[in-house]
Amino acid sequence: MPHHQLDRLDARRIAVRAQLLDAHRPPDLLTVVNRLTFLQLDPTAAVAPSADLVAWTRLGAGYRPDHLLQAVERDRTLFEHRAMVWPMADLGLHLAEMAAWPEEGSRKHAWLAANASFHRFVLDLLRDSGPLLSREVPDRSVVPWPSTGWTNNRNVTQMLELLAARGEIAVSGRVGRQRRWDLAERVYPADTTVVPADEARRMSDERRLRSLGIARASVVGEAGEPAAVEGTSGGWRVDPAALGQPFAGRTALLSPFDRLIHDRKRAWELFDFEYVLEMYVPKAKRRWGYFALPVLHHDQLIGKVDATADHRGATLRVQAVHQDVPFTPAVTAAVDAELEALASWLGLPKVTHAG
């Protein structure tokens, strides 16, 4: 029998509070990333880059994108790795996995072996001249990277990505959207303790569950304690520290990559919320929009906002507000206030609604 029997209201509130989306806002960016465990980087910026949008949703108007750049490039309290920004304090949880990657016998392992001289050249070049952008690294590959997709023959990019995944080099900063690469020893703290792989996985599962509040064992392993949620089948794992806590909600516009809704099945089971990111769906077949923002109101996901930041036109353009449940006047006012706050944060002086 599960240790804990939860109704869906309690489960939703645990999830919302764990993701720092309740009324009690965190004090700073480092607190946010420590709690969420990472921010996902994605170049799509129909409204704002996802990492910035996730941070703004938690911190509000006080957050600025240069806070993230400063934390990664100057303060070194965060680090970028494989399209995510992580707390530098968690680096030791990643090092054992980095060292064991890629798996022997894999295509990437074979390509690295075939390009051992290119591997050495990149490390020597960065040691002597780094940090460098990828375009500043000559292609000295012996065997080209084989692919039927966009990475075909992108040998420098692939080598840099693989060496970063192995923990030999790291992102030291950015110039616009372009990453600057350097030796990992000049980016990562030298005194970082490597946590053994098994222990690192256990600790990472515990950190992940704390950030989610409640999740399936397939996501968090044996972290937390077993639970059952009313109206759902199968078992859950719950963070015991999240049980019985008071809840005060607010209204928030979420990134499509936000971890509250990233697991679409979990979002449906706990919130009755259906969502598909429609960037890659033909325009005529979209239901909600190219980069529709899920709408959280207290402990419910209640709709999606199809919006675009038009910086040239100095406006946040709202193509549609899709109501999964009918909005009351109070909810409509709260959503409108969030749109105004988003526009202000983006430096856009007005919000316009289609029609």
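Contact, as I use it here, means heavy atoms within 4.5 Å. Helices (H or I, at least four residues) and strands (E, at least two) are DSSP runs, numbered from the N terminus.

Ground rules first. I am working on a predicted model, where local features need pLDDT of at least 70, side-chain atom pairs count only at pLDDT 80 or more, and totals for chains, interfaces and linings use all residues. Residues are numbered from 1 along each chain as its sequence is written, and side-chain values use heavy atoms, with hydrogens and water left out.

**Entry: α2 and α3**

I looked up which residues of α2 meet α3: L29, V32 and L36 touch V54, A55, R58 and L59. Sorted by class, that contact holds 6 nonpolar, no polar and 1 charged residues. (Ala, Val, Leu, Ile, Met, Phe, Trp, Tyr, Cys and Pro count as nonpolar, Asp, Glu, Lys and Arg as charged, and the others, Gly among them, as polar.) Helix α2 covers residues 29-36 and α3 covers 50-59; they pack at about 110° with their axes 10 Å apart. Axes are lines fitted to C-alpha atoms, for helices over the stretch in contact, and angles run from 0 to 180 degrees between N-to-C directions. The two helices are therefore roughly perpendicular, a label for 65 to 115 degrees.

**Entry: α5**

Next I checked helix α5, residues 92-99: 6 of its 8 residues are buried, so the rest of the structure largely encloses it. Buried means under 20% relative accessible area (1.4 Å probe, protein chains only). The buried ones are G92, L93, H94, L95, A96 and M98. I find them packing against β3 (78-81), β4 (84-87), α8 (155-165) and α9 (197-212).

I counted 2 bridges between β2 and β4; two strands pair if DSSP finds at least two bridges between them. L39 has V85 in β4 as its bridge partner.

**Entry: A252**

Last, A252, which sits in strand β11 (residues 251-253). Buried or exposed? A252 has 0% relative accessibility, so I log it as buried. Leaving out residues up to four places away in sequence, A252 touches L21, T57, P294, V295, L296 and E338. I also noted V335, 83 residues from A252 along the chain, with 7.7 Å between their C-alpha atoms.

How values were computed: Parallel < 35°, antiparallel > 145°, perpendicular 65-115°, else oblique. Buried < 20%, exposed > 50% of the residue type's maximum accessible area, 1.4 Å probe, protein only.
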